[in-house]
Amino acid sequence: MAALSRARLSLLLTCFVALAGCEDDHGHDAEGPASGAECKEGSTLSWDSFGEKFMTDYCTRCHASSVAGPARQGAPSDHNFESLALVREQMEHIDQLAAAGPESVNTEMPLGGPAPTEAERQMLGEWLACGAP
């Protein structure tokens, strides 16, 4: 019986270690699938008309260079979204965690509230698919 218990314990520890590797720096599941959003012809979404406000409302409370330590809630120090250039460096990451499209509605981010509506997530997907102009 003791050997069986050790075997089960070993199996449980192996599973735990394997599952721990499936989380990212925020302590949640790894990035989701791409949203599959497309850039609509004539899209008017831009940093000025959409992106900056979206990032300010939902992202920069953790993802800003001025935020440090526990206030970042685990956000990697190189994931800062207070400028268009910084957002463009992480577009795939943002899409897979927060954008919506025909293939996926990704709601992993932001942690806590407030959170964007699905319509806002759709707009985020479109804006990113357009190259975040």
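Read along the sequence, the protein chain of this predicted model follows the pattern α-α-α-α-α. Its secondary structure comes to 5 helices and 0 strands. Of the 133 residues in the chain, 35% are buried. Among the contacts with a separation of 6 or more, 64% are accounted for by residues 24 or more positions apart.

The packing of helix 4 against helix 5 was examined in detail. Two packed helices are described by the angle between their axes and the distance between the axes. The axes of helix 4 (residues 91–98) and helix 5 (residues 118–129) come within 10 Å and cross at roughly 160 degrees. Because angles over 145 degrees count as roughly antiparallel, helix 4 is roughly antiparallel to helix 5. The crossing of helix 4 past helix 5 is left-handed. Helix 4 contributes Met91, Ile94, Asp95, Leu97 and Ala98 to the contact, and helix 5 contributes Arg121, Leu124, Gly125 and Leu128. By class, this contact comprises 6 nonpolar, 1 polar and 2 charged residues.

Helix 5 itself consists of 12 residues and reaches 16 Å from its first C-alpha to its last, close to the 16 Å expected at 1.5 Å a residue. Arg121, Leu124, Gly125, Glu126, Trp127 and Leu128 are the buried residues of this helix. These buried residues pack against helix 2 (47–58) and helix 3 (84–89) as well as against helix 4. After helix 5 comes Gly131, which has a positive phi near 90 degrees.

Definitions and conventions:
Residues numbered from 1 in each chain as written. Predicted model: local features only at pLDDT ≥ 70, side-chain atom pairs only at ≥ 80, totals over all residues. Heavy atoms only, no water. Axes fitted to C-alpha atoms, helices over the stretch in contact; angles between N-to-C directions. Helix = DSSP H or I, 4+ residues; strand = E, 2+ residues; numbered from the N terminus. Parallel < 35°, antiparallel > 145°, perpendicular 65-115°, else oblique. Left-handed = near helix turned anticlockwise from the far one by under 90°. Contact = heavy atoms within 4.5 Å. Nonpolar A, V, L, I, M, F, W, Y, C, P; charged D, E, K, R; others polar. Expected span 1.5 Å × (residues − 1). Buried < 20%, exposed > 50% of the residue type's maximum accessible area, 1.4 Å probe, protein only.
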